[in-house]
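Hello,

Here is the structure I promised to pass on. Please open it beside this email and follow along.

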Amino acid sequence: MNTKNNKRRRESVAKIEKIFIELLQTKSLNQITVSDICKKAELNRSTFYANYIDIYDLADKIREYLESEINRLYQDEQINQFNSNDYLRLFRHIKDNQLFYKTYFKLGYDNNYKILFYDTVQAEKYFGNKHIEYHIEFFKCGLNAIIKKWLENNCLETPEEMAEIIQSEYQGRI
């Protein structure tokens, strides 16, 4: 019986996702086929289609997983509506999951996420709560650029150094 969480199915899904991520490192999304994945994973196409609609659904599932992992890192803050500005936690997660993050950026998802909680107390203090949507966008794009650069350099600097870079860029405002 092929239940949603049985061991064989979980193993097949993990294999499919691993091969897909590997292929994305050398090919663009539109160059990858279900046949490529199934051949490398030594699985039938029916196994792929039992879990995903198509390649784009697979890409979306990987995006959803990574975004849920990031949200989990900051779950307490979201629930309690505060911002610790603890980027060390994020940089540690990136270092431990480099391939996932490289895939996330390669798929172009970095411009689609939403900042779920913005520190309005801090925004009032430093910006008078004016033009907040511009400050959010500026911060998001800057953070993405720094993360991408770090990933391009294979996370050469430590997560601590990266968190320090963010701190220095915002000159104590965070």
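Within what distance do the axes of H1 and H2 come, and at what angle do they cross? They come within 9 Å and cross at roughly 115 degrees. The crossing is right-handed. Keep in mind that this is a predicted model.

Now look at who meets whom. H1 brings Lys15, Ile16, Ile19, Phe20 and Leu23. H2 brings Asp36, Ile37, Lys40 and Ala41. Six of these contact residues are nonpolar, three are charged and none is polar.

Next, H1 by itself. H1 runs over residues 7-24. At 1.5 Å a residue, its 18 residues should span 26 Å, and the end C-alpha atoms are 26 Å apart, so the two agree. Several H1 residues are buried, among them Arg9, Ser12, Val13, Ile16 and Phe20. The cover over the buried residues of H1 includes H2, H3 (45-51), H4 and H7.

Then the largest nonpolar core. The core has 40 residues, and Phe20, Ile37, Phe48 and Phe91 touch the most other members. Helices that give two or more residues to this core include H1, H2 (34-41), H4 (55-73) and H9 (132-152). H1 gives the most, with seven residues.

Finally, find Phe48. What does Phe48 contact, leaving aside its neighbours within four places in sequence? The partners are Ile16, Val34, Ile37, Cys38, Asp54, Ile55 and Leu58. Ile16 and Ile37 also take part in the contact of H1 with H2.

Best wishes

Definitions and conventions: Residues are numbered from 1 along each chain as its sequence is written. This is a predicted model: local features need pLDDT of at least 70, side-chain atom pairs count only at pLDDT 80 or more; totals for chains, interfaces and linings use all residues. Side-chain values use heavy atoms; hydrogens and water are left out. A nonpolar core is a set of buried Ala, Val, Leu, Ile, Met, Phe, Trp, Tyr and Cys residues joined through side-chain atoms within 4.5 Å. Buried means under 20% relative accessible area, exposed over 50%, partly exposed in between (1.4 Å probe, protein chains only). Helices (H or I, at least four residues) and strands (E, at least two) are DSSP runs, numbered from the N terminus. Contact means heavy atoms within 4.5 Å. The expected span of a helix is 1.5 Å times one less than its number of residues. Axes are lines fitted to C-alpha atoms, for helices over the stretch in contact, and angles run from 0 to 180 degrees between N-to-C directions. A crossing is left-handed if the near helix is turned anticlockwise from the far one by less than a right angle, and right-handed if clockwise. Ala, Val, Leu, Ile, Met, Phe, Trp, Tyr, Cys and Pro count as nonpolar, Asp, Glu, Lys and Arg as charged, and the others, Gly among them, as polar.
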